[in-house]
Amino acid sequence: MKNYIPTCASCPFKLTDRICRKPDGKYPKNCPTVLKEKLSKKSMELLNETGLFELAKQSAIQEGDGYTDKHKGYDFIRPIKPRIQEIWELAEKMGYKRIGLAFCIGVRKEAQVVEALFKKRGFEVASVCCKVGCVPKEDFGLRDDQKIVPGSFESICNPALQALVLNEVGTDLNILLGLCVGHDTIFLKFSEALCTVLAVKDRVLAHNPLAAIYQIDSYYRWMNHSTLTDESSKEV
């Protein structure tokens, strides 16, 4: 099945009727739940082999702990915990002690709050900002006009060094806070500790990238027209 491509995002069936939600559910012809039973078994084996079975278990427990009024049925359950609370609760469940915080210098105030919150709950926190190392952008071949402020010195974001510093410290879990697109990818590649994301970078939408998706039929409807060019992305 070399050319097989799953398309769960466009599954035509009602959420509660899907086979991934109940054993006798409905499914399209390319459904991975039906076609990838061997991989499903392999995924369980991998969790056991890598020691991540307990994390998978505790994550599922944490998911359930995030709701109240569960006895009233699906239509009445209510979420009660923000993501940051779920992160520290899961870390407690797993017995993690040392937390790494890899953050963008643009959200340094938020990072200070996050660091303090985790410390209040008994965690050690090692935090590293994106500009660590003070490596000039010229070392990566950037032209002056490609800087944020041409004519000035600018250090490049260094997610690889962020990861290496936290690797040396020996963190149990690394939290990503506001890293840029691409920089987060590099950090995830080099981090030896498991990672989770508290917030992602979105300079326009106050780090809430789903806002553009929620407004896809209104303010961001232009994104549906792939033949159009976003004028704001052109070089000045």
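Before we start, one definition: when I say two residues meet or touch, I'm talking about contact, that is, heavy atoms within 4.5 Å. And please keep in mind that we're looking at a predicted model.

Okay, let's go to helices α6 and α7. Helix α6 covers residues 159–169, and helix α7 covers residues 183–190. So who meets whom? On the α6 side, we have Pro-159, Ala-160, Gln-162, Ala-163, Leu-166 and Asn-167, and their partners in α7 are His-183, Ile-186, Phe-187 and Phe-190. Sorted by class, that contact holds 7 nonpolar and 3 polar residues, with no charged ones.

How do we describe a pair like this? For two packed helices, we give the angle between the axes and the distance between them. Here, the axes of α6 and α7 come within 8 Å, crossing at roughly 30°. Angles under 35 degrees count as roughly parallel, and therefore α6 is roughly parallel to α7. The crossing of α6 past α7 is right-handed.

In soluble globular proteins, nonpolar side chains tend to be buried together. The largest nonpolar core in our model has 22 residues, and the ones touching the most other members are Ile-99, Leu-101, Phe-118 and Leu-177. Two or more residues each come from α4, β3, α5 and β5, with α4 giving the largest share, 4 residues.

Let's zoom in on Phe-118. Leaving out residues up to four places away in sequence, Phe-118 touches Ile-84, Ile-87, Trp-88, Ile-99, Phe-123, Val-125 and Ile-175.

There's also a second, separate core of 8 residues, including Ala-102, Val-128, Ala-163 and Phe-187. Thanks, everyone!

Definitions and conventions
Residues numbered from 1 in each chain as written. Predicted model: local features only at pLDDT ≥ 70, side-chain atom pairs only at ≥ 80, totals over all residues. Heavy atoms only, no water. Axes fitted to C-alpha atoms, helices over the stretch in contact; angles between N-to-C directions. Parallel < 35°, antiparallel > 145°, perpendicular 65-115°, else oblique. Left-handed = near helix turned anticlockwise from the far one by under 90°. Nonpolar A, V, L, I, M, F, W, Y, C, P; charged D, E, K, R; others polar. Core = buried A, V, L, I, M, F, W, Y, C linked by side-chain atoms within 4.5 Å. Buried < 20%, exposed > 50% of the residue type's maximum accessible area, 1.4 Å probe, protein only.
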